[in-house]
Protein chains: 2
Amino acid sequence: MKRIAIDMDEVISAFSSKCLQLFNAEYQTEYTPQHLQGKLLVELDPRFESKVNCYLAQESFFLELEVMEGSQETIRKLMEQYDVFIVTAAMEFPASLAPKYKWLKKHFPFLNEKNFVFCGDKSIILADYLIDDTPSNLDTFTGKRILYTAPHNISETKYNRLNNWEEIEEYFLSELVVN
Amino acid sequence: MKRIAIDMDEVISAFSSKCLQLFNAEYQTEYTPQHLQGKLLVELDPRFESKVNCYLAQESFFLELEVMEGSQETIRKLMEQYDVFIVTAAMEFPASLAPKYKWLKKHFPFLNEKNFVFCGDKSIILADYLIDDTPSNLDTFTGKRILYTAPHNISETKYNRLNNWEEIEEYFLSELVVN
């Protein structure tokens, strides 16, 4: 069975939406994901620089993230044909370790926790595919690289891009035919 | 730079010694690592079956583990010539995630946390070497496999075995000459 490694933040969990929501509540701004297109949070508003670390240091931040639309259904289907791992960079924010685990068990109870990987540098990952929104994680990956569209990466042209979980499902069904 | 993945429990942290210590205190037994030779804890005393999970569920268990003799000095030296990652199976005991991170930062402050990997199934690890006391973790590894001697694995003959951190240092120095 081919193995797919799937990132968490911005791929299965709505990371930047939560940042915008907390920031809007604090500063009475009205930023939406549309304002973020092609930008990092800090490029949208420099006040994010000091705030994001505060948000991420709170256990509740990761626990309360919304699930990306379609990810649960598609991952459940992919598991019939592929070995699915969740691979997330968690070491920069150790407060995220426990809530990320709890979030996965809550929203993806059909995944075996043995297939969770909390790491820092994803070049340690051995898999056939990596779906990630961060180009630098794809740079060092040895398998097939799939850039999952997020506001910050819309100008990136180096990788095969998929825009939503419907496209991911189609892609992996077609890969079954090819292989 | 070649990459070495190093297990935690029973390789850099004295896992079974701590289990024996807690058990001895509770049941007034006098088990030592010598009693454990060739056995799992539960084969030494069936009462371990129910106790070990209780021990591991406590955050303090992982925080208080002793450091394996020589591991700090040797890892510091290896880092001059190799890319060192710590790879530990933590997902079965999610209560271990935070204390394992804290323990590593306390006892191995010279390691970058980006090189920590908390996982379940180690077949996801891409490295040139894996040092591990658990044969099943070595079974699925694609690089060079090194069995680190622990009481439970002394009858295992399948893998290149190293008995202590002095031997690890010698082995990796000689690998530099070979490569």
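In helix H8 of chain A, the residues Trp165(A), Ile168(A) and Phe172(A) are buried, a residue being called buried if 20 or more other C-beta atoms lie within 10 Å of its own, exposed if 12 or fewer do, and partly exposed in between, with C-beta atoms placed from the backbone. Viewed down the axis of H8(A), these buried residues fall within an arc of 45°, so they line one face of the helix; the arc is that of the directions from the helix axis to the C-beta atoms. The face turned away from the buried side carries the exposed residues Glu170(A), Leu173(A), Ser174(A), Val177(A) and Val178(A). Helices (H or I, at least four residues) and strands (E, at least two) are DSSP runs, numbered from the N terminus.

The model is a predicted one, in which local features need pLDDT of at least 70, side-chain atom pairs count only at pLDDT 80 or more, and totals for chains, interfaces and linings use all residues. Residues are numbered from 1 along each chain as its sequence is written, while chains are lettered from A and ligands numbered from 1 in the order in which they are written.

The buried residues of H8(A) pack against helix H5 (71–78), strand S4 (129–132) and strand S6 (160–162) of chain A, where two residues are in contact if their C-beta atoms, placed from the backbone, lie within 7 Å. The 14 residues of H8(A), residues 165–178, should span 20 Å at 1.5 Å a residue, and the end C-alpha atoms are 20 Å apart, which agrees; the expected span is 1.5 Å times one less than the number of residues.

In chain B, strand S4 (residues 129–132) and strand S5 (residues 144–148) pair in the parallel sense over 4 bridges, pairing being assigned if DSSP finds at least two bridges between two strands. S5(B) is also joined by 3 bridges to strand S6 (residues 160–162) of chain B, and these two strands run parallel. Leu147(B) in S5(B) stands opposite Asp132(B), and Leu147(B) also stands opposite Arg161(B) in S6(B).

Chain A is superposed on chain B by a rotation of 180° with 0.0 Å of shift along its axis (RMSD 0.0 Å). The two copies are thus related as by a two-fold rotation axis, the superposition being made by least squares on the C-alpha atoms of residues with pLDDT of at least 70 in both. The contact between the chains takes 20 residues from chain A and 20 residues from chain B. On the side of chain A that touches chain B, helix H6 (97–107) and strand S3 (116–119) each supply at least two residues, and S3(A) gives the most, with 4 residues. The residues of that side divide into 14 nonpolar, 3 polar and 3 charged, where Ala, Val, Leu, Ile, Met, Phe, Trp, Tyr, Cys and Pro count as nonpolar, Asp, Glu, Lys and Arg as charged, and the others, Gly among them, as polar. Because 100% of the interface residues of chain A are also interface residues in chain B, the copies meet through the same surface.

Two loop residues were also examined for their backbone angles. Gln28(A), in the loop between helix H1 (15–27) and helix H2 (41–44) of chain A, has a positive phi near 50° although it is a residue other than glycine, and Gln28(A) counts as exposed, with 7 C-beta neighbours inside 10 Å. Glu10(B), found in the loop between strand S1 (3–6) and helix H1 (15–27) of chain B, has a positive phi of about 80°, but Glu10(B) counts as buried, with 21 C-beta neighbours inside 10 Å.
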